[in-house]
Every structure is written in C-alpha cells, then in structure tokens.
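Work through these exercises with the model open beside you. Try each task before reading its solution.

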Amino acid sequence: MKRRHLLQTLAATPALLPAQQTTPSPDENVVLAVVSPDFAGLPVRRFLTPDQYATLQSLADLIAPSIDGRPGAKEAEAAPFLDFLLAKSPRDRQALYQRGLDTLNRTARTRHQKAFAELLPADANALLAPLKAKWTYSVPTDPVAAFLRAAKADIIRATTNSRAVAEANVAGRRRATGLNPYWQVIE
Amino acid sequence: MPTFNHDVVIIGSGASGGMAAYILAQAGVKCLMLEAGPMVDFTRHRSLKAVYDLPFRGFGEPGRFPHITQASEFDANLWIDEKKNPYSHPENDPYYWVRIRLLGGKTLRWGRASWRLSDYEFKGKDHDGWGENWPLSLADLAPFYDRVEPLFRVSGRNEGWAQLPDGKLLADESTESLSMERFLASAKKLGVPTTKPRRATGTLASSVNLLLPAAQATGNLTIVPNAIVREIGIDPKTGLVNAVHYIDRRSKREYTVPTKTLFLGASTLESTRLLLNSRSRQYPTGLANSSGVLGHYLFDQFYVKNSVTALVPEARGGKGPRNLMGGAGYVPRFTNLKPGKPEKNYLRGWAWDFGSGGTPSPELFPQWGDELARTMADAQGAGFSMTTMGESLPRFEHKLTIHPTLRDEWGIPAPHLEQRYTDNEHNMAKDAMETGVAMCEGAGFEVLAAHSQMVPPGESIHELGTCRMGADPKKSVLNSFNQAHDVKNLFVLDGSAFPSGGAQNPTLTILALTVRASEYLLEQKKQGKL
C-alpha cells in the first residue's frame, strides 16, 4: 500500500505557485512521467464469489508467504490478479478454480466448522496434502489435486512477476528480474 | 503501372524464400518476393519492459493462443493471430500449428540448431525397409551444406560420425563444466555418443540480416510485404505456372502478377495449402497433384520437453566450485544404426538436447510455503535437464486437406490437419526417458522428474512433408531439385518437400536444398530449358 500512500500524499500537496511555473515549451516531443493503472487504484473483484475470493487469498498466503521481508503473495496482490485473470480465462480454467476453492472451503467447514480462510495455519496446510504427491506429467485425476497444482503454479508466478517483488529485488540489491524485450503490434 | 520485369516470383521470405533470393538475385535473376506479413523494425517495434508492467503480468492474454505455447506476453505480437488464421484438426487429435507471418518468417525466432541429415535419412528405406528414400544422397547435398554453414556461422564440433555428418563449422573448443564432464563420462560408459551443440551464431541469424540485404543490394530483388497469396494460376495451353494471385493483407484488395517461374517457400503447410487451393481443369485436386500424394505424409519431429529433470547434488545451496555448472550438449541418434532388423522395439531413433544449470520449476517439488522457498533457494542453479527429439514416421493417412467451409480473414479456404503419434514414436520416447534417467543416475545426479509424454504434433515447429520429393512421379510431387514433376516452372522449397526427417532440426537442410534448387534453375535457364 506504500505506493497509494505516496499518491495520496502527492495529491494533497498544494499546486505549484504561479511564480514557480516554468515557461511552456513549444517542443512537441514531450515525455511525461506516467504510472500504470494498477499502480494507482485498488483492483475490483471480477469473477470469484466473496467466499471463493477469501479462500484464494488464504491459499495464496500459504503457498507463497512473505519470508524475511521479501514480498509474498499478499504483498504481490496475487489473489486479486488471479481473480482478474480468471474472469478472462476459458471456461474449463474457471471451473477448475471454482470447484477447487469451493471444495477446500466445504472440507474446512466439515472438518473444523470454519471457512478455509478462518482456519489455523496447521489445519489449512493439512488440506493441501495433495501437493505432497510426487510430480507426474499427467494432470492429477482428483479435481482438488488438479486445482491445487494449477493454483500453486499460478500463485508463485503471479507473485514472482509482481511489481512488489521487482521493487524488493532492487531495494535489496538483488538481480533485477522480469525485464525483457517487448514487441509492439507490428502493422 | 508495375513493369513486371521479374523472372521469378518467390513466395515467402523465411529460410527457403530468403535463400532463393540470395542465390538468384546475385546471379542476375530479377526476383519479386511476396511475403504475407509486414516488415519488422527492430528499433521501433521492440523495447525493454518489466513483466509487472504487462497487462497480464506475464501470463499472456488468456485464450489468445490456443496452440502456440511458445508465445509469451512479451513476444505475443510476433506470432500469427489464430482467430484471423484458423485451421482445424480432429477433436481428439490436437495439432499445434505454430506460425509467424512477418518478413523473415520463422527465421526471426528459430532455435538455430543446425545439423546435417545423413544417409540414414536420405536412404532410410535401404537401411530398414520403411517408407521411401530421398531421390538424393548426402554426397549430392554435402557441397551445399558446405556453403550454408559458413553463411549462418554455425559453430559446433565435428565427430566423424556417419549419422551426424561433419560440417564446415566454427570450432567449438569450449571446456566442459565439472557436472557436464560427469554426465559425458556416464554417457560414454553406457555407449551413448555426445557432442557440442551445433548452432547458427550471431545476435540475429535470420534471412532478414543474412540473406535479404545481399540480395537486395544487387538491385534484382523487389520485396512486397503484406501480400497474401490466394492462388497460383496456370496457362491451360502449357500447363505451366503463369500468374500469382494475391491479396493486400490490410485493404483486402486483390492483385495478379505474371511470372515465368515460381519458387514457393511459404512454409511447409502454407505451401501445400496454396497448391491444394490452386485447382484447375488440368489439376482438379490441386496444382501438381497428378500423383495424388499432395497433402499426404505429414510428419514432424516429436518433442518430449524436459523428459528428465535432475539436480546436481554438489551444486545445492550454491556450494559447488565455480566451474561445476553450465554448458550444453547433444546426443545424436545412436539406436538402430546397424542394417537389418531393428535392435529396439521401434524403427529409427531419437536425439537429445541437454543442459547444465538453471533452477527446476517449483512445480516439481512436492512442497509449498516456507519449505518450498528453502528448497528453491537450495536448488538455485543446480538443475540439469534433457529434451528428447525423435523421428516420427511419415504415413499416408497423416495429412493436410482443405476444410470444406472454414475460411481465413481473407476468405481463403483453411487447412484441416491430421497427425497422431503411433506406438513407434511412443516406444522411442519411453526408451529415451529410461536411458536419460540411467545417464543422470550414472553421473550421480538426483532425478527429480522423468516422463515420456510428447507435446502434440506440430508443437516442435518442425512440421514436414505433404509435398514430398521422390524419384517416382507416381509417388511424389517433386523431383530431387524441388521441381514439380508435373509443372516444370514450379519449385517448392520448404520443409514440405521432405520425404523423411530424422531427428535433426530441419532448417539447415531446407537452406541447402534451396541453394541446390536455385542453382539448378540457373543451369536450366542457361540451357534454355526454363
């Protein structure tokens, strides 16, 4: 949330006084500093139900927690991002997540009389046991195992590719990650 | 008004089209090149971006590329738009057709592996009785390989092996890392040959920098981007190609250009699609298809990506010596090399790319949370992986046909693609995996994961066949110079001409065949035959 605080501070700063204004330039090659939409606003939930969304947030925290000050899924806003991605995804991907999150939540209520998001970490982790199976090329036939496998990969990727992790890498003098040549539309 | 002073129309600007222009234009032949896609401007179209600044955080737009697994969100705009350029396949037999429509074609993104084919491929039928021989041998093509390798600055190491012929290479004299030394020793113990990778070098190794500039400098090459060829016209009196009909990609306006000779290098499946779409009274089932085999014998090389993933124990935690990790190598086909009955439960053979270094995917570890983070930190840079590439056998029933109703954005009938892997390929993949595991274990590596599941046909981007060359005009479309048996002024230069393909990456052979075909045309012209 640091960046939003910064923006709020900037917004509250009084406008420059007329005496400090610079002379307008006739040069058309102006380059202004801008930020991307996800830097400025809070993401709006698009696809998952409130229960599914809360379950995904808890799951993301378990899969990719913050460690030694390094951002985890929460700081990377992985769950809001995945909710957005799912809203645009093919139907089978959406169903995989919906069924998986619902099943996790239902199992939590059956075993502990609580929603998955309200479980103690040890109880929540116990429900992720299918992730302990040895990796196989084929997707697991059990729908929960298949969901957890997909969600684990997505949560880690959404975290690793986040602005929060990139900024932490720079601040921690670690190697900058995620920079690549981008190709524009070629017409 | 156009002047129409060209002798040859070249369709396509990738490996085959680019090389044809390079040879012909420098020999004084006036060429007109039609490329379906636009031109790339490396300065204007490419810039450095952070993954978090991309709209989909590096995941890519969901559903944009149902078949192009190679596309990333960074390079998505380089690959073909699958919605505008549809095709079909049987519901339960997916085919991944991976395309680039830009000036330079797939040479803008190819993997650059550059192996020669051997007489195990050219004369495969003589060796094991399967399929058809090529109508040429290594001795016929070797002088042309000799010229292509220096042009593409191919580096590697000559080994003197019959199944992987030596080339004119930039000598790769790099030393091996300690982990690689162990792996090579394990391979040797198991009787598995290994060598250095053989790749085109340089920042860019594409027709747009290595071939087209030299061709254009002669003043003999005119390049027309955004020209989607719809149909090839023939003279009903002579049966020869006399025109090419194309559509402006942007305006959809139609044009016709006459030609004396046609060099077709639009890519394996596009070239055959075009021939099948060019029907006439003389060729009712497609141009140059008196044999009836046009569109048939579609094949590729099957890939098992990361067939074996292992860890080098001494590299865990970053504790190993500096020269422990790094390097890459290649295992050529080494099975079924003796003539007669195959020694394995399959025909032909497979190859490997392998590499030391990198970090295995977190998916491979049965952990999450803190535990996974510790494991990943421990495994950082300690990975070793192998990818299998195997020969798939050309079969008549594997084919490209024209879909009865499906059309692309420009109204051109789209292809229907049918290919599936059979027991021969599956047995090969399983043998490769088991051998790979044994090699890694012999080197003292910890095998994390092994599998033999190949990616769908087409995904290797080594699609071949459908317009095969052969000695018998009743069984093939082209002769040994890539010239249509039926239509003497039509040459088909890309991978569609292959009667078989081995396990070697095909681009080097496409380039060498194109040099040979181009010089054959020059000779024919000199003799007044064309």
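**Exercise 1: Hairpins of chain B**

Strand 16 (residues 399–407) and strand 17 (residues 413–418) of chain B pair antiparallel over five bridges. Helices (H or I, at least four residues) and strands (E, at least two) are DSSP runs, numbered from the N terminus. Two strands pair if DSSP finds at least two bridges between them. The model is predicted: local features need pLDDT of at least 70 and side-chain atom pairs count only at pLDDT 80 or more, while totals for chains, interfaces and linings use all residues. Residues are numbered from 1 along each chain as its sequence is written, with chains lettered from A and ligands numbered from 1 in the order in which they are written.

Task: find which residue takes a positive phi in the hairpin of strands 16 and 17 of chain B, then treat the hairpins of strands 8 and 9 and of strands 9 and 10 likewise.

Solution. 
- Step 1. Start with strands 16 and 17 of chain B. B:Lys399 stands opposite B:Glu418 in strand 17. Five residues lie between the strands, and B:Gly411 has a positive phi near 80°.
- Step 2. Go to strand 8 (residues 227–234) and strand 9 (residues 241–248) of chain B. Seven bridges join them, and they run antiparallel. B:Ala227 is opposite B:Asp248. This hairpin has six residues between its strands, and B:Gly239 takes a positive phi near 75°.
- Step 3. Strand 9 of chain B also pairs with strand 10 (residues 254–258), antiparallel over five bridges. B:Tyr246 has B:Tyr255 as its bridge partner. With five residues between these strands, B:Lys252 takes the positive phi, near 65°.

**Exercise 2: A parallel sheet**

Task: give the strand order of the open five-stranded sheet of chain B. Which are its edge strands?

Solution. 
- Step 1. The order is 7-2-1-11-19, with parallel pairing.
- Step 2. Strand 7 (221–224) and strand 19 (490–492) of chain B are the edges, since each pairs on one side only.
- Step 3. Neighbouring strands are turned by 15° against each other on average, direction ignored. Angles run from 0 to 180 degrees between N-to-C directions, and axes are lines fitted to C-alpha atoms, for helices over the stretch in contact.
- Step 4. Check one pair. Strand 1 (residues 8–11) and strand 11 (residues 261–264) of chain B run parallel over four bridges. B:Ile10 stands opposite B:Phe263.

**Exercise 3: Where the chains meet**

Task: how many residues does each chain give to the contact between chain A and chain B? Which strands pair across it?

Solution. 
- Step 1. Chain A gives 36 residues and chain B gives 33.
- Step 2. On chain A, the elements giving two or more residues are helix 3 (50–63), helix 4 (78–87), helix 7 (143–160), helix 8 (163–171) and strand 1 (179–183).
- Step 3. Strand 1 of chain A pairs antiparallel with strand 3 (residues 46–50) of chain B over five bridges. There, A:Leu179 has B:Ala50 as its bridge partner.

Conventions. Contact = placed C-beta atoms within 7 Å.
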